[in-house]
Amino acid sequence: MNEEEFDALMKSRPFGAGDVVHWEADLRANTSLVMTLGVALWGKTSEDAQRQLLASHPEILAGFDLADLRKLLQWTAKMASAVLALQRMRGVPPSILPSPTVFVGSQGLTLWEARCEIVRRAIEYLEKR
């Protein structure tokens, strides 16, 4: 995923109080999807995410389709954006924003970037099958 694709997914803009309300409603509505498909894809640790990124394609939990993965990708990108926005609102300088915790070759990703990439690769894999 290049920077333009990531920015398009995140639709970055200032994070406001109304976004918190929407975020909480979105979280409640998507808890099942995130807790089952998301955790199955990402795993629970950065090592699990790294394993998925190093595989030829992510392991995809049976019973989910492209629509589920697309919804998960959208949700994951929103969460990544919200985390960064909250850190910026708290005055965290860019130099200490999330550091890479998942490494694939020489590429370092934050955990949220890795999650987005795993879901994107799963979608790509299913589209080609």
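W42 counts as buried because its relative accessibility is 4%, where buried means under 20% relative accessible area, exposed over 50% and partly exposed in between (1.4 Å probe, protein chains only). The model is a predicted one, in which local features need pLDDT of at least 70 and side-chain atom pairs count only at pLDDT 80 or more, while totals for chains, interfaces and linings use all residues. Residues are numbered from 1 along each chain as its sequence is written, and side-chain values use heavy atoms, with hydrogens and water left out.

The structure holds two aromatic pairs, a term for rings of Phe, Tyr and Trp (its six-membered ring) whose centres lie within 6.5 Å, with planes under 30 degrees apart counted as stacked, over 60 as edge-to-face and the rest as tilted.

| Pair | Centre to centre | Angle between planes | Arrangement |
|---|---|---|---|
| W42 and W112 | 6.3 Å | 70° | edge-to-face |
| W75 and W112 | 6.2 Å | 55° | tilted |

The pair of W42 and W112 links distant parts of the chain, since W42 belongs to helix α2 (residues 17-42) and W112 to helix α5 (residues 111-128), 70 residues apart; helices (H or I, at least four residues) are DSSP runs, numbered from the N terminus. W75 counts as buried because its relative accessibility is 6%, whereas W112, at 21%, counts as partly exposed.

R115 lies over the face of W112, at 4.6 Å from the ring centre; a charge sits over a ring if NZ of Lys or CZ of Arg is within 6 Å of the ring centre and within 35 degrees of the ring normal. T76, which lies in helix α4, is buried with a relative accessible area of 0%. Leaving aside residues up to four places away in sequence, T76 touches W42, W112, R115, C116 and V119, where contact means heavy atoms within 4.5 Å.

Helix α2 has a kink of about 65°, centred on N30, the bend at a residue being the angle between axes fitted to the seven residues ending there and the seven starting there. A straight helix of 26 residues would span 38 Å at 1.5 Å a residue, but α2 spans only 29 Å between its end C-alpha atoms; the expected span is 1.5 Å times one less than the number of residues. Among the buried residues of α2 are N30, L33 and W42, and the buried residues of this helix pack against α3 (46-54), α4 and α5. After α2 comes G43, whose phi is positive, near 80°.

Terms used: Helix = DSSP H or I, 4+ residues; strand = E, 2+ residues; numbered from the N terminus.
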